[in-house]
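Thanks, everyone. I will go through a few parts of this structure, beginning with a pair of helices.

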Amino acid sequence: MTSKFSILSIVLVITSLGLFMADIALGSVHIPLVAIVDILLGNTVEKESWNIILLESRLPRALAAILAGSALAVSGLQMQTLFRNPLAGPYILGISSGAGLGVAVFIMGFSVMGISLSSSIWFANYGIVISAILGAVLVLLLLMAAIAKLKDIMTVLILGIMIGSIATAFISILEYFSQEDSLKSFVLWTMGDLSSVAPDSLKMLFFIVLIGLLAAFAISKQLNTYLLGEDYAQSLGINVNTTRYLVIFVTALLAGSITAFCGPIGFVGIITPHIARMFLKSANHFYLVPLCVLLGINIMLLADIIAQLPGSDKTFPINAVTSLIGIPFIFWIVFKNKKIAALN
Amino acid sequence: MKNILSISSLSVGYNKKKVLSNINLVVDKPKLITLIGRNGQGKSTLLKTLTGLIPSIEGELFFKGKINKELSHKEKSKLFSVVLTSPPAINNITVKDFVAYGRYPYTNWLAVKKEEDSLQINQAMELCGITNFATTNITNLSDGERQKVALARAIAQNTPIIFLDEPTSHLDLVNQSELFDLLHQLVEKQQKTIIISSHQLNLALNYADEIWLINNESLEVNTPQYFIESGKIEALFGGLKIKYF
């Protein structure tokens, strides 16, 4: 397995480098590859505009894709193992709905109440991010309180889905009463946007995702015991309650921060762990976590390339693209193997 | 010498409803103990309480003289291991990797196996006669083989006590008696204390050193000989003809 994992990792690192270069090379303005390499190395190039396009638009977007892909894939893996459910993903616990409610209140709610927030530039820049984080944290706190009371992890899952539905209901009410322009900006947020991450926020996002990924790897041993079932995990000396808190906290950190900065991005979190297990033919988290990081990066970069519609000056919403390439892939797996790869 | 297990005025049940009450007993030396009783009388509830999967209603448990409530999960995992009725949910794993789970309480956060760990894993597989399957995926095994793998994992955990909750329920007669034979050897050769619940009265009475009989919300502890001669088992199981061989 170690050799298979090494080969897979090397291949995926190479493909992700290729996809990364393709992602920043393709776009409405043609920039020669030589110039791109020069800009990345810090040399001067003939056109100043290339510099700006690459460093302030394409590079941050590609880096955001890398962060989003790895974070969503790993949080999806954690949720699938914790809930022993192949359809679980980073958003199963209502984290994106909570973030969505926060953003909805920020974009639509204040204007419904007649409060104008656009006057402050700082608020306009960070308001969406902060409100998304607050919304996600609110859902998280509700879930943590539920876990303290409930023994059965499936009940927690159902509760998470219901909390998500309540958040969605509140969002509908806000949408119904809101003005046209604020409704549009909210709907745009729900479509996901990798380019909305400002270069200075990118640094912060990088550190949050890095901490989340390291924490996810650090609890691989606990998650491996979860594959036997919670009772066996406990008999192997694992504190199952602590593990639940840890997994949900890590997921909230990863999925919550990505949702706050890029909006909700579907399917990467659900599908990537399945591809990783299919390739590896094992459910060992010590290998699955790094593999999900690499696969998530590849998938997200590919989705971003497609979203840019190479050769045109239009872009697709990223959330639609991940579904468009994600769902046929699930179909392909189902028809090839007659079922989705076993969870463990 | 501290008692391996001692139970004082223990009551077990679900949601404060007592299924068994006022259990007092002491296990002072390694032996094979079989827990028998009719369905729904609390065999599983008792085993789950002893293994800490559900809380006790009242009373105290002591493992090796240490009070159960003050033991961490980690400490408990070095005192007893469990084999549950439901087979482990995992499928995509080789026999050896599965048995290696037994070493989890002893390994670091990266689950790196030391020499001692590999030794224990190999010994456990040897003992259960599954060394030949070491690299086989456990989905490809028969029920009997899989039960041996489950037991090997518990043995690899290297604990003085092993609890087994109806491990024979999916097995045919040959596999059942093989399992009891293996458990008997573990007590003799490795000085383990094994507490197993089973419906197999014949095997239980033949192999066990001690019987825990559940009847009318109480637990009676004695030798198989006593229960056979007193006719209590026949009374409980409704005049069932039991052959003793």
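Here is where helix H3 of chain A meets helix H8 of chain A, in what is a predicted model. On the H3(A) side, the residues in contact are Glu56(A), Pro60(A), Leu63(A), Ala64(A), Leu67(A), Ser70(A), Ala71(A), Val74(A) and Gln78(A). Facing them from H8(A) are Pro199(A), Leu202(A), Leu205(A), Phe206(A), Val209(A), Gly212(A), Leu213(A) and Ala216(A). Sorted by class, this contact holds 13 nonpolar residues, three polar and one charged.

As for the geometry, H3(A) covers residues 48-83 and H8(A) covers residues 199-218. Their axes come within 10 Å and cross at roughly 25°. Angles under 35 degrees count as roughly parallel, so H3(A) is roughly parallel to H8(A). The crossing is left-handed.

Next, the contact between the chains. Chain A puts in 21 residues and chain B 18 residues. In chain A, helix H9, residues 220-226, and helix H10, residues 230-235, each supply at least two residues of the side that touches chain B. H10(A) gives the most, with four residues. By class, that side of chain A has nine nonpolar, eight polar and four charged residues.

Last, a hairpin in chain B. Strand E9, residues 210-215, and strand E10, residues 218-222, run antiparallel and are joined by five bridges. Which residue in E10(B) is the bridge partner of Trp212(B)? That is Val221(B). Two residues lie between the strands of this hairpin, and Asn216(B) takes a positive phi near 50°.

Conventions: Residues are numbered from 1 along each chain as its sequence is written. Chains are lettered from A and ligands numbered from 1 in the order in which they are written. This is a predicted model: local features need pLDDT of at least 70, side-chain atom pairs count only at pLDDT 80 or more; totals for chains, interfaces and linings use all residues. Axes are lines fitted to C-alpha atoms, for helices over the stretch in contact, and angles run from 0 to 180 degrees between N-to-C directions. Angles under 35 degrees count as roughly parallel, over 145 as roughly antiparallel, 65 to 115 as roughly perpendicular and the rest as oblique. A crossing is left-handed if the near helix is turned anticlockwise from the far one by less than a right angle, and right-handed if clockwise. Two residues are in contact if their C-beta atoms, placed from the backbone, lie within 7 Å. Ala, Val, Leu, Ile, Met, Phe, Trp, Tyr, Cys and Pro count as nonpolar, Asp, Glu, Lys and Arg as charged, and the others, Gly among them, as polar. Two strands pair if DSSP finds at least two bridges between them.
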